[in-house]
Structure formats: C-alpha cells, structure tokens
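Subject: Structure for your review

Dear colleague,

Please find the structure below, together with its sequence.

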Amino acid sequence: MSETSDAVDPHQRQRRRSLITIGVVLLGLFFAFWYAWSYYQAETEAVAARPPAATCAPFDPKAVRAEDTTVNVYNASNRKGLAASVSTSLTERGFVIGKVANDPSKRKAPTVAEVRHGPSGEAQAKLLQSTLPKGTVLFADKRKGTTVDVALGAKYTGLAPAATASGLPTCPAPSAS
C-alpha cells in the first residue's frame, strides 16, 4: 500500500482552510455591501418620491391684505397724538388710513383697543386685530362696506411684532387660459 492514498498533506489542509476562510469573509463582505446598497437605494427612492419643495406660497384670492384694508384710527384715551402715531405705524405695515381723530362714538373707551367692523369687514378686522397688542377686542356693528375703525384705549402700548414672512413669494393668480 502506498502512503499517499489516505494521508493528506498538512499544507493542503492549511490551504483548504485558508480558502474556506477567505470564501466566508468574501461572502460576508458581499452581503454587507448588498445590505448597504439596498439601504441607500431605499433612501434615494424615498427622496425621489417626495414632492418638490414649494417655490411660492399658494395664491388665495380670498386672503385679505393690509393694502386692501382701510382703517379709521380713533383716540379713545387722554393721550395726545396717539391716533396719529398709530396711523403712521399702520401705514408702515401697508394699511390704508382713512380718518384720524378722537373717538366719535358714544361707546365706553376700550382698555387696550377695539376694532369695529361691519359684516363684510370681518376679515379686515381680524387682520387688523392681529397687528394690535393683546387685549384688543372685536366689535361688530351694522356699517356697510369693509372699512374698519380702531379705537385706542388708555392701556394701548404699541403694535404687536410684525409677523414673519414665509420667505416665499405669493404664487401668481391662475390665468384664465
């Protein structure tokens, strides 16, 4: 009998072990890269599926703007020049100023301020109220039109901080074509 038939060379055994180890490591690396690639692809597909970021704020034809709001400013306190200074501040915010005077109404003077409006001027009144300090109240009367009055009381301190813009321009109105 020959000695080489059953006996395996120790170098062959070591080489076989090395090849199996290298194969297992390569297989593990393959699955690690495959997993990372599928994770990357899923993220890329999720980003592609998202809608694009807005480039303008949606156009709302019913939105009331300061430029469309006429305000009568009345001083209902004993502070001289209050109505004039507030009307200047409101003009800087884009409001259209009507009358500037002492309060002609027979209503009790408001604590902070009172915005008076008719049924069709409610949106303008709410817009104006958002620029005035806390404690400003709305009062609905029977007037016609969208003009609003603001009566300034003794505890009036100043306009509320201006709202921060979204940074996006308003989208143009849809065309008829």
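In this predicted model, Asp 149 has a relative accessibility of 10%, and it therefore counts as buried, because buried means under 20% relative accessible area. Asp 149 lies in strand S5, which covers residues 148-152.

The surroundings of Asp 149 may be described next. Leaving aside residues up to four places away in sequence, Asp 149 touches Asn 72, Tyr 74, Glu 114, Val 115, Arg 116 and Arg 143. With one of these residues, Arg 143, there is also a polar contact between side chains, at 3.0 Å.

The strand itself deserves attention. Five of the five residues of S5 are buried, so the strand is largely enclosed by the rest of the structure. In a regular strand, side chains alternate between the two faces of the sheet. In S5, Val 148, Val 150 and Leu 152 point one way, whereas Asp 149 and Ala 151 point the other way. The residues on both sides are all buried.

Which strands pair with S5? Strand S1 (residues 70-75) runs parallel to S5 and is joined to it by five bridges. Leu 152 of S5 is the bridge partner of Asn 75. Strand S3 (residues 113-117) pairs with S5 in the antiparallel sense, over four bridges.

Yours sincerely,
A colleague

Terms used
Residues are numbered from 1 along each chain as its sequence is written. This is a predicted model: local features need pLDDT of at least 70, side-chain atom pairs count only at pLDDT 80 or more; totals for chains, interfaces and linings use all residues. Side-chain values use heavy atoms; hydrogens and water are left out. Helices (H or I, at least four residues) and strands (E, at least two) are DSSP runs, numbered from the N terminus. Buried means under 20% relative accessible area, exposed over 50%, partly exposed in between (1.4 Å probe, protein chains only). A polar contact is a pair of N or O atoms within 3.5 Å; within protein, one must be able to donate a hydrogen and the other to accept it, and residues adjacent in sequence count only if both atoms are side-chain atoms. Contact means heavy atoms within 4.5 Å. Two strands pair if DSSP finds at least two bridges between them.
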